[in-house]
Protein chains: 2
Amino acid sequence: MTFPWPEPGTPLTDVPTPMPVIDEDRLAANIVRAQDYMTTRGLAFRPHIKTHKILSVAAAQVAAGAVGVNCQKLTEAEVFADGGFDDILITYNILGAAKLARLAALNARVPRLTVCADSEMTVDGYAATFAADAPLTVLVECDTGAGRCGVQTPEAALALALRIATAPGLRFGGLLTYPATGGAAQVEAFLQSAMALLAGQGLDCPVRSNGGSPDLQKAHLVPSATEHRAGTYVYNDRSMVRAGECGWQDLAMHVLATVVSRPTPTRAVLDSGSKALTADLLGFPDHGEIEELPGARIVSLSEEHAVVDLSACAGPLPVVGDRVRVIPNHTCVVSNLFDRMVFHRGGLVSRVEPVAARGTVW
Amino acid sequence: MTFPWPEPGTPLTDVPTPMPVIDEDRLAANIVRAQDYMTTRGLAFRPHIKTHKILSVAAAQVAAGAVGVNCQKLTEAEVFADGGFDDILITYNILGAAKLARLAALNARVPRLTVCADSEMTVDGYAATFAADAPLTVLVECDTGAGRCGVQTPEAALALALRIATAPGLRFGGLLTYPATGGAAQVEAFLQSAMALLAGQGLDCPVRSNGGSPDLQKAHLVPSATEHRAGTYVYNDRSMVRAGECGWQDLAMHVLATVVSRPTPTRAVLDSGSKALTADLLGFPDHGEIEELPGARIVSLSEEHAVVDLSACAGPLPVVGDRVRVIPNHTCVVSNLFDRMVFHRGGLVSRVEPVAARGTVW
């Protein structure tokens with residue numbers, strides 16, 4: 001069988017649903033706006049490719065001025081290395097003989113490859129794999145309040161940095177953090193304290209990498225950072241509107257959906273289930289907004305159905321066969337469900353790009 | 001790049017993580033147990049392929065005695081028609097000229113193809129597409145309490161059945177429902193009432209198709225049903241244990257994961273994020289169980305990380321690099337994230353199968 005990907009030139013009204021589609025002009029504007037923000041403030045910008053996983057979108061980000069790309073997983077980095085990207089940061093602890101062997105092969109072909117570590121076990125794995133003739137650059141990941149990975153104190157960051165710096169095959173590259181729930185002040189305080197400790201030991205700390213799309217326009221509030229990483233900003237989504245990082249007019253991704261059932265006066269069912277939107281709530285009480293149906297709520301998802309409560313819907317109610325545009329809670333996970341992504345401009349499909357790194361969780 | 005799919009014979013301990021893996025013996029036992037249940041009770045069994053999307057697994061289900069397969073979407077059905085399946089039920093309203101044209105092509109090559117409808121719009125689309133020389137069989141979908149799709153009353157079922165029966169290119173095939181939250185009695189009452197109305201109009205109603213894995217072992221409580229559809233039972237998951245449909249020893253899918261960080265004494269981080277487990281909670285307060293860590297809770301997922309709270313964990317705490325087995329809340333959505341599925345027996349990989357219908361949401 002041939003999957004029904006639309007050809008360029010197809011009107012959006014003929015694109016099969018459910019289908020995420022990307023507005024070319026909004027995408028381009030989002031890339032420029034974020035890059036300008038960083039450039040103006042003297043911050044290096046390193047887009048996270050997890051949001052789109054598409055080579056040409058990353059190329060546009062680099063062409064706009066990004067220093068390189070951020071990958072979350074080794075296999076993502078391999079796809080982007082194959083695509084010619086020469087500055088790749090993998091923000092992950094890479095563990096185990098098989099992955100370390102792949103990491104060594106990747107380091108041999110990517111001019112500027114950096115990884116991170118937040119434990120002695122991770123550093124020791126790197127140290128046992130890499131030698132001085134082809135060293136690996138390692139950042140120490142710091143938990144500045146987000147409560148995920150990362151060393152817990154500046155003192156622990158120093159200890160891990162020393163362990164990296166004394167390994168013949170490793171280079172200490174600096175510090176990395178994911179944003180604090182406590183805000184920029186907490187990130188800045190951690191970085192300043194760790195940098196002072198490192199300086200006290202004569203350790204250079206060239207990179208201080210901060211991150212997150214929801215904090216993108218607060219990046220300048222962390223003056224100790226040298227670079228910022230962000231992914232979601234490129235498409236934007238409902239969570240980014242909530243964060244105040246964009247307006248509805250900046251949403252580059254919509255999921256086209258069709259009303260497939262109207263069982264009751266207040267219920268509609270769309271064909272965009274959790275295999276199109278994912279079940280990611282990201283703190284919302286429901287599963288996205290429907291542009292054409294203000295007040296309607298996507299109250300539940302099954303795999304191929306979205307149940308919509310119309311009881312508070314303002315305006316004309318939909319009929320079976322109507323097409324709508326869903327604003328997803330979280331674009332990054334939607335991208336990961338589709339083998340290709342459809343782009344459009346002026347109501348017509350402009351291109352269909354392979355989501356090259358889809359499924360790269362290793 | 002080459003994705004790191006393991007070769008047959010690879011020890012499970014060498015399979016890269018995160019990776020869902022399927023226990024061959026449990027899979028085979030699940031297939032036989034459900035089929036035996038249905039056969040014993042005189043019910044036709046029609047497994048839903050959405051759970052696995054793998055041709056050889058569906059072939060095993062049919063070899064065990066299933067009458068055919070159930071697909072949710074047209075493109076799923078196309079993949080399974082390509083795979084040689086000759087009795088396919090698509091439990092979906094199929095709308096729009098492009099999909100109806102594909103449906104006609106599918107109907108021309110699948111000996112027994114059936115679809116469903118719950119609205120006049122849907123029936124009229126079928127009626128305009130199919131002619132008497134190659135008719136389409138249509139079931140009327142009934143909402144017997146689940147609150148998703150389906151006509152709301154037996155009277156509405158009759159009206160739609162008459163609309164189907166009077167269209168030259170359509171055959172009324174019977175009634176279809178997804179299980180009632182109100183239970184078997186509600187399903188049975190709806191079916192009995194609708195069947196009486198249909199009989200009163202002289203309409204034959206050969207198929208009464210009931211469904212759902214969580215209700216699989218209650219299928220006999222709906223005596224008016226002629227067949228049962230179920231998907232999840234083939235792998236089982238945490239939700240099926242909760243439903244009392246299986247025990248922990250019947251879980252055929254685990255997601256292998258690695259502890260990649262131990263930032264604090266009570267926190268571990270796994271490499272199985274929402275791009276491996278999905279964010280489907282299915283009513284649970286957390287994101288799966290960890291076999292090796294009883295009492296541990298997967299409290300949050302980001303795309304490539306699972307944050308685990310160890311504060312109530314009984315037994316030895318994990319260290320960085322440890323491998324664990326996660327029991328997912330919902331197997332069907334995990335399958336849909338991976339291009340291939342790894343099977344194992346006796347601690348070794350037995351085969352790696354393409355998830356042929358992955359991404360078939362149209």
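Chain A of this predicted model holds an open sheet of eight strands with parallel pairing, in the order E2-E9-E8-E7-E6-E5-E4-E3. Strand E2 (44–47) and strand E3 (69–71) of chain A are the edge strands; each has a single partner strand, so one side of each lacks a neighbour in the sheet. Chain A is also in contact with chain B, through 58 residues of chain A and 59 of chain B.

**Sheet of chain A**
- On average, neighbouring strands of this sheet are turned by 25° against each other, direction ignored.
- Three bridges join strand E8 (residues 207–211) and strand E9 (residues 227–230) of chain A, which pair in the parallel sense.
- Across from Asn210(A) stands His228(A), a residue of E9(A).

**Relation of the two chains**
- Chain B is superposed on chain A by a rotation of 180° with 0.0 Å of shift along the axis, at an RMSD of 0.0 Å.
- That is the relation of a two-fold axis.
- The same surface serves both copies, as 98% of the contact residues of chain B recur in chain A.
- The residue of chain B that comes closest to the rotation axis is Ala279(B), with its C-alpha at 2.7 Å.

**Side of chain B that touches chain A**
- At least two residues of this side come from each of helix H3 (74–82), helix H4 (97–109), helix H5 (120–129), strand E10 (253–264) and helix H9 (331–335) of chain B.
- E10(B) supplies the largest share, six residues.
- By residue class, this side of chain B has 25 nonpolar, 19 polar and 15 charged residues.

Technical notes
Residues numbered from 1 in each chain as written. Chains lettered and ligands numbered in written order. Predicted model: local features only at pLDDT ≥ 70, side-chain atom pairs only at ≥ 80, totals over all residues. Least-squares fit on C-alpha atoms with pLDDT ≥ 70 in both. Contact = placed C-beta atoms within 7 Å. Pairing = 2+ DSSP bridges. Helix = DSSP H or I, 4+ residues; strand = E, 2+ residues; numbered from the N terminus. Axes fitted to C-alpha atoms, helices over the stretch in contact; angles between N-to-C directions. Nonpolar A, V, L, I, M, F, W, Y, C, P; charged D, E, K, R; others polar.
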